[in-house]
Amino acid sequence: MRLHTATLGSSTVVVAARNNVHEHGRADAQPMLFAHGFGCDQTMWRDVWPAFADRYRVVLFDHVGAGGSDTGAFDRDRYASLRGYADDVLEICHELELADVVFVGHSVAAMIGVIAATTEPERFSRLVLVGPSPRYIDDEGYVGGFTREDIDELLESLDSNYLGWSSAMAPVIMGNADRPQLAEELETSFCRTDPEIASHFARTTFLSDNRDDLGRVTTPSLVLQCAQDAIAPEPVGRYVHERLGASTFVQMRATGHCPNVSAPEETIAAIRTFLGG
Amino acid sequence: VTIEAEFVAETAEELFEGAPCGYLTTRTDGTIVRVNRTFERWTGLDRRQLVGATRFQDLLTAGGRIYHETHYVPLLRVQGAVREIALEIVRADGSRMPVLINSEMHPDARGRRTHVRTTVFDASDRRRYEQELLRARRRDQDIAQELQQSMLAGDLPIAPGLTVDVGYRPADSGLAIGGDWYDAFWLTPGVSLALVVGDVVGRGLGAATTMGQLRSAIRALALTQRGPAAMLAALDTYAERHDVGQMTTVVVAQIDIEARELRYACAGHPPPLLVTPRESPRFLGGGRSMPINVPVDDTGIRREASCSLTAGSRLLVYSDGLIERRSETIDEGMARLAAAFGARRDEPPAALVSSLLHELRDTEHPDDVCLLVADV
């Protein structure tokens, strides 16, 4: 699991450790970068990435604050907008020297990928956007699916659930790059995040408005839309598809917001078709 | 009559229907396929309205639905079970019921994970208490922050040929407030002033109150003690007698405007940094002694050093957050500070303070940073 310490030069360990980067598959192949959404961590891709390891250099990471990332690197200002998370994606690309990247982003990470791809279009060859939403809150002439009050309720429900977060868990979750046993601990720390950081990430995610970025994307994109998705409903996925320059829209049979865990086969098949077999 | 026989008439059906918790089975997409009487009663919805027609997440608040999709579903899929998820169920009449739910994937006869069993517990009283706890915790944080800010506020000394500016930036990442403080005050109005930066061990309300005590103590002791070393020695006595501020680090710099003289003393604190119009920045390595109130014998010895201040001198005192990075040695941090300080010698103090705070913060592991700059 801790490939990066063995495979990367010392100059690249900083970002790789900060974002808990893991690599699989063929080191000399085209990179495929998987980004997880709000809530959990790179484990979300565990039933998806192995299908691509034979043809791609698979790169997985955790956003700062999530999973096995270095939570000490969390910075309220940097991560007050999705731009900070997109900068992290670009930093990972730079340090690992990833070019011609297939970016696969779930939920909010879809928009993080959009921002990264508009910043350095030449670096990305394809974008796979799983359950994307450029804005969660309704606006004039736009249905995002939520009201501001709904989002406040989410923040409250985060508060209630983080009573399950005890400080005893913190050292395990915060972990650090020098601990080989972290891989095992990841399983138990899955979806557990420092409450303050989770609340900040929730705010950044659900109050974001990146509709204007969509029109600037030149990278060929795939929009994967689930049925009955409470977070990114179909009209939102259609909106993303229409605003993007060159995109393919796929309506999945899978329901909910997380086809990467609930319907990995269908997710894999759709991505494969988009990437050309 | 055996103990088992007492309830022999109670069927498994009744145990399910009348259980003191809501009990339901859903498909993995949340569609309710079976539900008990308790759940019907709690929600005000009968099973014709629930079974086949409603997904469990449809009964949640909008915020709860997001939590359900982003946490509950992934956890259930990856771990096969989730425990103690706090949600609110919206009843038929629109009122809300705080609940805790536990769910487990329930394999069918062929071992496929097609269904989920969920128990639902009424958590109304618990939620009220938890909210009180959260409020209390936030109040603590607010008090500590307010306390710290009130102590860091106040007018800075100003005089012809003297400009003082300060900067303070708390650590991010939701930690409790730190124990860094700064102070600048006249010893003799218009003639000499003291610049102080200190760093109390620990965080939170305790650190903030200790910081307040020590800051006030130095102000009071400065009225009677002559010079930085004497002030620190008196502060030691105070700290020891009142059992506060063990291992606090402090720098006291005394500037005599007329005589253009600087006297300074560092109790375990990073050295002041001085730049003059014709020289590169240099750290003032003299006047060093142990931190305040350390449990060893030689704290009584407080040293100070002095140097003259040519016109156009600029002095910086600061806390270690400015030079410490986890991935570097202190020397590297100090070299970076000296370089940034020297490169910006033409900027006015206020601009210098804000650019140093931004440039030199350890973004990987942010700590409190406070700094004080004086142009003489």
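1. Over all chains, the structure holds 12 aromatic pairs, where rings of Phe, Tyr and Trp (its six-membered ring) pair if their centres lie within 6.5 Å, and planes under 30 degrees apart count as stacked, over 60 as edge-to-face and the rest as tilted. One of them is the tilted pair of A:Phe34 and A:Phe52, with 6.4 Å from centre to centre and 50 degrees between the planes. A:Phe34 belongs to strand β2 of chain A and A:Phe52 to the loop between β2 and β3 (57-60) of chain A, so the pair ties together parts that are 18 residues apart in sequence. Both A:Phe34 and A:Phe52 are buried, a word that stands for under 20% relative accessible area, with exposed over 50% and partly exposed in between (1.4 Å probe, protein chains only).

2. This is a predicted model, in which local features need pLDDT of at least 70 and side-chain atom pairs count only at pLDDT 80 or more, while totals for chains, interfaces and linings use all residues. Residues are numbered from 1 along each chain as its sequence is written, chains are lettered from A and ligands numbered from 1 in the order in which they are written, and side-chain values use heavy atoms, with hydrogens and water left out.

3. One aromatic cluster is formed by A:Phe38, A:Phe74, A:Tyr79, A:Tyr85, A:Tyr136, A:Phe201 and A:Phe206. Elsewhere, the charged end of A:Arg126 sits over the ring of A:Phe274, 5.5 Å from its centre, and A:Arg211 lies over the face of A:Tyr142, at 4.8 Å from the ring centre; the criterion is NZ of Lys or CZ of Arg within 6 Å of the ring centre and within 35 degrees of the ring normal.

4. Chain A has an open sheet of seven strands with mixed pairing, in the order β1-β3-β2-β4-β5-β6-β7. Helices (H or I, at least four residues) and strands (E, at least two) are DSSP runs numbered from the N terminus, and two strands pair if DSSP finds at least two bridges between them. At the edges stand β1 (22-25) and β7 (247-255) of chain A, each with a single partner strand, so one side of each is left without a neighbour in the sheet.

5. Within this sheet, strands β5 (residues 124-130) and β6 (residues 221-227) of chain A pair in the parallel sense over four bridges, and A:Val128 stands opposite A:Leu222 in β6(A). Helix α10 (residues 234-243) of chain A lies across β5, β6 and β7 of chain A and runs at about 160 degrees to β7(A), where axes are lines fitted to C-alpha atoms, for helices over the stretch in contact, and angles run from 0 to 180 degrees between N-to-C directions.

6. A:Thr219 is placed in the loop between α9 (211-214) and β6 of chain A, and counts as buried at 3% relative accessibility. Its contacts (heavy atoms within 4.5 Å), leaving aside neighbours within four places in sequence, include A:Phe124, A:Arg126 and A:Ala246.

7. B:Ser289 lies in strand β13 (residues 288-289) of chain B and is buried, with a relative accessible area of 12%. The side chain of B:Ser289 makes a polar contact with the side chain of B:Arg302 at 2.8 Å; such a contact is a pair of N or O atoms within 3.5 Å, and within protein one must be able to donate a hydrogen and the other to accept it, while residues adjacent in sequence count only if both atoms are side-chain atoms.
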